[in-house]
Amino acid sequence: MSEEFDVIVVGGGNAAFCAALSAQEQGARVVVLERAPEDEAGGNTRFTAGNIRFAYRGVEDLKAIMPDLTEAEIAITDFGTYTEDQFFDDMFRVTRNRTDPDLCEILVRRSFETMKWMHGKGVKFAPIWGQQAFKIDGKFKFWGGLTVCAWGGGPGLVQAETEAAKKRGIEIRYATRAQKILYDGFKVEGVQVKSPGRIYDIKAPSVILAAGGFQGDAEMRTRYLGAGWELAKVRGTRFNTGDGIKMALEIGASPFGNYSGCHAVQWDFNAPEYGDLAVGDAFQKHSYPWSVLINANGKRFLDEGADFRNYTYAKYGRVVLEQPGNFAWQVFDRKVEKQLRDEYRIKQVTKVKADTLEELAAKLEGVDAKGFLEEIRAYNAAVRQDIPFNPNIKDGRCTEGLAVNKSNWANTIDEGPFEAYQVGCGITFTFGGLRIDTEARVLDADQQPITGLYAAGELVGGIFYFNYPGGSGLINGSVFGKLAGVTAVADQKTNAGGLGAPIPA
């Protein structure tokens with residue numbers, strides 16, 4: 001049994017829906033293949049907070065995608081700007097200048113226009129007042145280049161894009177796993193799929209892969225990321241097991257990017273193996289810049305205040321995984337209690353609380369209590385208390401003379417009650433993937449396009465290395481998903497004189 005479409009999109013998250021909507025906009029008959037059943041659909045997107053990074057020149061640009069923004073809200077908010085130059089600087093800085101310059105150019109330059117396009121498709125956006133702005137002297141000030149989220153977070157984004165797709169006649173097939181690309185050695189002809197009770201072919205001259213990375217596959221994690229990564233928890237969907245990458249490599253696609261790198265965060269140590277849609281991203285613990293992080297030996301092991309959370313959180317999960325026992329404790333005192341994000345107040349949290357440091361030390365499971373108390377005393381003595389604390393800027397309030405100094409937001413840990421949260425490593429997505437050209441065509445080992453094959457989202461390699469700026473994953477999927485849809489249809493029209501006809505070899 002086989003069926004025919006113009007474009008097949010493999011995946012069911014943000015990148016996939018942007019690809020599908022884009023291809024349909026160009027006149028294509030599109031089917032979306034979502035491996036997950038409908039109640040678990042949406043890929044990693046559904047597990048995110050929906051935060052999206054993009055370049056904007058000021059509040060007028062923001063009003064273009066958030067027309068409901070009121071004058072009263074604008075009056076109490078300093079949205080600032082986030083220019084293309086700043087976006088470029090962040091991308092090259094956090095990837096240690098390894099991001100592919102041509103792909104990065106597309107990502108940054110097209111970020112704002114893609115946001116406007118998504119808004120035109122029915123996606124609503126809102127400022128991230130609760131997570132990315134602190135109120136100082138009666139006015140909210142945004143920091144770290146991240147200002148906007150999708151309305152309703154990741155689940156809201158998936159819902160909006162799903163509704164947009166259905167409204168436009170895009171067919172969505174749930175519990176339908178693409179397991180093989182149909183390829184005659186010269187051109188793609190569709191995919192073989194497996195759904196409950198049957199295996200069949202779907203024919204199309206264009207296939208867009210947007211099925212995520214390989215973080216859900218413990219064997220692939222260990223093979224590419226290294227020993228110990230089978231112990232990491234998966235923040236998102238259990239269905240991202242590298243299918244798109246494996247299928248493409250089987251027909252000669254070129255692997256590309258940071259295969260030993262990934263986005264990994266501090267995640268509740270006792271969180272389940274995979275993400276829980278009822279909890280979403282709330283197992284994360286991202287107020288660590290105000291904390292001290294302590295390992296099993298009672299020692300600090302990283303600079304909690306090296307930069308804004310947006311630029312360090314995606315790499316610190318790896319550092320925690322490398323600690324003895326694969327865990328750490330984030331320790332806070334009363335001075336910063338009100339700074340803690342909402343995720344610290346959920347029921348499913350590994351937390352201890354004590355009135356004294358000595359009492360706290362006895363409650364930190366797996367930690368050398370004597371070593372911990374000595375470390376805190378040394379840390380407190382090293383804090384530059386003459387520099388004022390300011391959470392909105394890199395305030396320079398640091399420690400001096402320690403083996404591992406804290407660069408910003410260093411407050412003494414001396415006012416009870418004290419709280420500590422146990423964290424492990426939660427992997428979000430992997431950085432290695434497929435090589436694409438600047439039109440989202442998948443390239444083969446000779447770096448020539450594989451006719452009819454395109455890719456977008458987390459399975460594209462070469463964009464992120466070592467780390468990433470917060471919120472750039474969703475815009476990456478949006479920009480390249482939209483681009484893949486346009487290119488897939490344009491190539492059909494160029495090569496075959498119109499949709500619905502096969503592309504010649």
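A: In helix H10 (residues 243-250), the buried residues are Asp 243, Gly 244, Ile 245, Met 247 and Ala 248. Buried means under 20% relative accessible area, exposed means over 50%, and partly exposed is in between, with a 1.4 Å probe and protein chains only. Helices (H or I, at least four residues) and strands (E, at least two) are DSSP runs numbered from the N terminus. The cover over the buried residues of H10 includes strand E2 (7-10), strand E11 (177-183), strand E14 (206-209), strand E22 (433-434) and strand E24 (449-455). Just after H10, Gly 252 has a positive phi of about 100 degrees.

The model is predicted: local features need pLDDT of at least 70 and side-chain atom pairs count only at pLDDT 80 or more, while totals for chains, interfaces and linings use all residues. Residues are numbered from 1 along each chain as its sequence is written, and side-chain values use heavy atoms, with hydrogens and water left out.

Two helix pairs come next. The axes of helix H1 (residues 14-25) and helix H8 (residues 153-167) come within 10 Å and cross at roughly 25 degrees. H1 is therefore roughly parallel to H8. Axes here are lines fitted to C-alpha atoms, for helices over the stretch in contact, and angles run from 0 to 180 degrees between N-to-C directions. Angles under 35 degrees count as roughly parallel, over 145 as roughly antiparallel, 65 to 115 as roughly perpendicular and the rest as oblique. The crossing of H1 with H8 is left-handed. A crossing is left-handed if the near helix is turned anticlockwise from the far one by less than a right angle, and right-handed if clockwise. From H1, the residues Asn 14, Phe 17, Cys 18 and Leu 21 meet Leu 157, Glu 161, Thr 162, Ala 164 and Ala 165 of H8; contact means heavy atoms within 4.5 Å. The residues of this contact divide into six nonpolar, two polar and one charged. Ala, Val, Leu, Ile, Met, Phe, Trp, Tyr, Cys and Pro count as nonpolar, Asp, Glu, Lys and Arg as charged, and the others, Gly among them, as polar.

In the second pair, helix H4 (84-94) and helix H5 (101-109) pack at an angle of about 140 degrees, with their axes 10 Å apart. H4 and H5 are therefore oblique to each other. Their crossing is right-handed. On the H4 side the contact is made by Glu 84, Phe 87, Phe 88, Met 91 and Phe 92, and on the H5 side by Pro 101, Cys 104, Glu 105, Leu 107, Val 108 and Arg 109. The residues of the contact of H4 with H5 divide into eight nonpolar, no polar and three charged.

Cys 104 is in no disulfide, and the nearest cysteine sulfur, that of Cys 18, is 19 Å away. Cys 104 is buried, with a relative accessible area of 0%. Cys 262 is in no disulfide either; the nearest cysteine sulfur belongs to Cys 425 and is 6.4 Å away. Cys 262 counts as buried at 4% relative accessibility.

Some backbone angles also deserve a look. Most residues other than glycine have a negative phi, and most peptide bonds are trans. Arg 96, which is not a glycine, has a positive phi near 55 degrees. Arg 96 is in the loop between H4 and H5 and counts as exposed at 56% relative accessibility. Gln 447 is not a glycine, yet has a positive phi of about 60 degrees. Gln 447 is in the loop between strand E23 (441-443) and E24, and is partly exposed, with a relative accessible area of 44%. A cis peptide bond, with omega about 0 degrees, joins Gly 416 and Pro 417. Pro 417 is in the loop between helix H13 (369-382) and strand E21 (418-430).

Last come two single residues. Ala 306 is in the loop between strand E18 (292-294) and helix H11 (313-321). Ala 306 and Lys 406 are 100 residues apart in sequence and 6.8 Å apart in space, C-alpha to C-alpha. Asn 51 is in strand E4 (residues 51-52) and counts as buried at 10% relative accessibility.

Methods. A disulfide is a pair of cysteine sulfur atoms within 2.5 Å.
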